[in-house]
Amino acid sequence: PNSITGAVTLRIGRATRRVPRLEMSATLEVGFGSAGSVALFGGGTYYFISPPSLKVRMGASFALGLYGGTSEGISGAAFTSRASLVADIALKGPFRLQVAFPEVQYFTLSGAALNVGAYLGASTRF
């Protein structure tokens, strides 16, 4: 209750030619705050609103992973899943801003826990 957790995330993704609105990704995440952790995710984002004339794409993201961390004195490894609604905004050149809200994460550390939060990130395309 009343805890704040943040994370530094490195994500590598690839769009597919067969399904142009789908981007698959692999993620390494290091958490800090009330729940220190390390997590590995694999998943993807499907942009269901992606008009070429606009700088904003909107979609949904889902990922599965492995989580290792400490939360309120409980340490261990767990399976985890994460789902969110995503907005991807083109800035200048290859640079983009990504916002995910709500971001819901479920993990099985000593029973089960559900986190609800948000994500703000910057990316580049090459």
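pLDDT is the predictor's confidence in each residue, on a scale from 0 to 100. The model is predicted, and the mean pLDDT of its chain is 88, with 92% of residues reaching 70 or more. Where pLDDT is low, the predicted coordinates should not be read in detail.

**Confidence by element**

- Confidence is highest in strand 3, at a mean of 94, and lowest in strand 7 (residues 113-124), at 88.

**Salt bridges**

- The whole structure contains 5 salt bridges.
- Arg57 forms one with Glu23, with the closest N and O atoms 3.1 Å apart. Because Arg57 belongs to strand 4 and Glu23 to strand 2, this pair ties together parts that are 34 residues apart in sequence. Both Arg57 and Glu23 are buried.
- Arg57 also meets Asp88 through a side-chain salt bridge, at 3.2 Å from N to O. Asp88 lies in strand 5, so the pair with Arg57 of strand 4 ties together parts that are 31 residues apart in sequence.
- Arg57 counts as buried because its relative accessibility is 14%, under the 20% cut-off. Asp88 has a relative accessibility of 0% and therefore also counts as buried.
- A network of salt bridges links Glu23, Arg57, Asp88 and Arg96.
- The side chains of Glu29 and Arg82 meet in a further salt bridge, at 2.9 Å from N to O. This pair links distant parts of the chain, with Glu29 in strand 2 and Arg82 in strand 5 (residues 74-90), 53 residues apart.
- Glu29 is buried, with a relative accessibility of 9%, and Arg82 is likewise buried, with a relative accessible area of 9%.

**Nonpolar surface patch**

- Val19, Tyr46, Phe48, Ile49, Val56, Met58 and Leu85 form a nonpolar patch on the surface, with about 580 Å² of accessible area together.
- Strand 3 (37-49) and strand 4 (56-71) are the elements that each give two or more residues to this patch. The largest share, 3 residues, comes from strand 3.
- Val56, a member of the patch, is placed in strand 4. Its relative accessible area is 32%, so Val56 is partly exposed.

**Surroundings of Thr27**

- Thr27 is found in strand 2 (residues 22-33) and is buried, with a relative accessible area of 8%.
- The Thr27 side chain makes a polar contact with the side chain of Arg11, at 3.3 Å.
- Leaving aside residues up to four places away in sequence, Thr27 touches Thr9, Leu10, Arg11, Ala39, Leu40 and Phe41.

How values were computed. Residues numbered from 1 in each chain as written. Predicted model: local features only at pLDDT ≥ 70, side-chain atom pairs only at ≥ 80, totals over all residues. Heavy atoms only, no water. Helix = DSSP H or I, 4+ residues; strand = E, 2+ residues; numbered from the N terminus. Buried < 20%, exposed > 50% of the residue type's maximum accessible area, 1.4 Å probe, protein only. Polar contact = N/O pair within 3.5 Å; in protein donor to acceptor, adjacent residues only side chain to side chain. Contact = heavy atoms within 4.5 Å. Patch = residues over 30% accessible without salt bridge, like charges linked within 9 Å, V, L, I, M, F, W, Y side chains within 5 Å. Areas by Shrake-Rupley, 256 points an atom, 1.4 Å probe, with all protein chains shown as cover. Salt bridge = Lys/Arg side-chain N within 4 Å of Asp/Glu carboxyl O.
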